[in-house]
Amino acid sequence: MLTDNIVIPNRDEIKSRISEREYDVVVIGGGITGAGVLRDATLRGLNVALFEKGDFSSGTSSESTKLLHGGLRYLKNYEFKLVREAALERKIVADLTPNFSTVKKFMIPMYKWTPEKLWMLRIGLWFYDLLAWPKQIGKHKTLSKQKLIEQFPIVEGEEDLIGGAYYHDVETNDSRLVLLNLLSGVAGHADVLNYTEVTHWERDENGIKLNVKDVETGEETEVHTKLLVNATGPWSHETEALGKDFDPKIHIRRTKGVHLTVKKKLTDYCVLLANKDDRPIFILPWDDFDIVGTTDTDWKLPSEEVKPEKEDLDYILDALNTLFPTAKYTRKDVYSAWAGLRPLVYQPGKDEKKTSREHTVKDYGDVITIAGGKMTTHRKMAKDVMDRAIKNLGLSPSSHKCVTDSVPFFSTDFEDYETFKEQSYKDLKEKYNLSEKTIRVLLQHYGTEIPRLTALIDEDKSLTEIIDQNAPFIMAQVVYSTRYEFARTVTDVLRRRFQMAFYKGQGLSSVDKVAETMAKELNWSEETKNQMKNDYVEYVKNFMGTP
Ligand code: FAD
């Protein structure tokens, strides 16, 4: 079903009404957690707003490994409840987003020195599949050395190889998942604003009063709500501390995780490797490069400053070269690097790897903080928050039920995805002569909203131009992101609306034309346009570079 009857309001329209509306729920934080709460609350018929101080998903939620997964390694910590919850959510979210969530086979090669034994892996995978019941996505299989080599020839010749296995998880797109949650809320008349920081909140006789600051203009507005949800991940403690006379109780342990994108050398399979120090390393094929990661180290500096450092790159490249010596990775093979902070709920006495990924809801009545958890479990996290919110607001649970497990997201209401895909490929090829790779990206990103995108091309045929020869994205996507997806900067477009920043060259050679197009859409002055170009170059150098 097309959603062309839905009007997506622009920033000015939303800004003009936030001081006038009396919200049931205001959400602080536009990462996956906040976006999930927004969608859930809107679908329960509430009047909701969400404020994000940077761009949507600019915190941890664009820095993940991009997996909907049960979390195989948490079985080692006996976290059966977490794995079960995540395995069930994996399938619910994947089924609702078939255009960009794909079941993948993960190979696990095992070596003589692998900390776990083959029999332990066998039991672990058996439990992993069992805990997903009745929402399994594929059966694991343990493999002899010979069978592993047949399926995964890259390991041939590895002297210490003893065998291995494969299992299944889901690859997704973190920033797009955040956006779809937000747009689903917007489609239900929720108000969302990026670059809008909550600077203060306090209780008054009518509920909660917040001060929100437009980060672009410095303008401050007072907003009123009955209930406040703090979904600010690594910033959860600071956000509680913004409350007048409020004693913050949530304590977050932030651990840094770094990923690289590297030239494709190995395989088309996803791979899960146990490094010699027992830290898992994922290799995920992504277009014509691989995503590799991650690290897990405590971070004590301000959350905004997290970035990849030389030792992170060395660690990941060393791991790859130890596990696949023939691949001989060097710095030259790295296209980009990025870092994010896991917002884990502090558990005294546990090291960073053992700290649980389970979420915690702190319920203060009219204020609820939700922290920890995973992108995979965001829907369930939102449900837990909103079940409490409905109770705290004195509303009837039976007439405000959670429906997020069955209602499609904005742009994913496919009657039958395979038929939709087939027909769209045919139409886009015939009418616009786009490459197969570009069509794949358009399907993944826009789903049933493709007509909204092609309407732009019908108005201006030049928008089918490829932005950068290293990547499949087209100029129409720049206009689309700016007009319909709240992109405000060149970085928003090239890093989060689509992931040009991961590709070889990181889109640096396309900055001029992207900025030019955005300038027309957003009426930028010459000075603003130049500033935006510089900001992207600086962002790539400082936060996605390869030190
Ligand atoms: P964030 O995404 O950080 O969002 C919080 C937002 O609040 C930020 O955007 C911030 O700008 C905003 N904010 C803060 N203060 C204010 C304020 N005063 N006013 C307005 N806005 C404010 N999970 C998975 O399921 N699968 C994976 O593969 C996976 N891989 C991961 C790999 C790494 C390296 C890391 C670090 C995490 C990974 N995770 C994964 C976990 C998952 O990414 C996080 O749990 C999730 O993204 C956290 O989302 P969040 O919304 O809670 O926080």
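Reader: Over how many bridges do strand E4 and strand E6 pair, and in which sense?
Author: Happy to start there, keeping in mind that this is a predicted model. Strand E4 covers residues 102–111, and strand E6 covers residues 161–171. The two pair in the antiparallel sense, over ten bridges.

Reader: Which residue of E12 is the bridge partner of Phe-106?
Author: E4 also pairs with strand E12, residues 270–274. That pairing is in the parallel sense and has two bridges. For Phe-106, the partner in E12 is Cys-270.

Reader: How many helices and strands does the protein have?
Author: Counting both kinds of element, the protein has 16 helices and 18 strands.

Reader: What is the radius of gyration of the protein, and why does it agree with a compact globule?
Author: A compact globule of 547 residues would have a radius of gyration near 24 Å. The value for this protein agrees with that, because it is 23 Å.

Reader: What share of the residues is buried?
Author: Here a residue is called buried when its relative accessible area is under 20%. Of the 547 residues in the protein, the buried share is 59%.

Reader: How far apart do the centres of the positive and negative side chains lie?
Author: The protein has 77 positive side chains and 85 negative ones.

Conventions
Residues numbered from 1 in each chain as written. Predicted model: local features only at pLDDT ≥ 70, side-chain atom pairs only at ≥ 80, totals over all residues. Heavy atoms only, no water. Helix = DSSP H or I, 4+ residues; strand = E, 2+ residues; numbered from the N terminus. Rg over C-alpha atoms; globule rule 2.2 N^0.38 Å. Buried < 20%, exposed > 50% of the residue type's maximum accessible area, 1.4 Å probe, protein only. Lys, Arg positive; Asp, Glu negative; His and termini not counted. Charge placed at Lys NZ, Arg CZ, Asp CG, Glu CD. Pairing = 2+ DSSP bridges.
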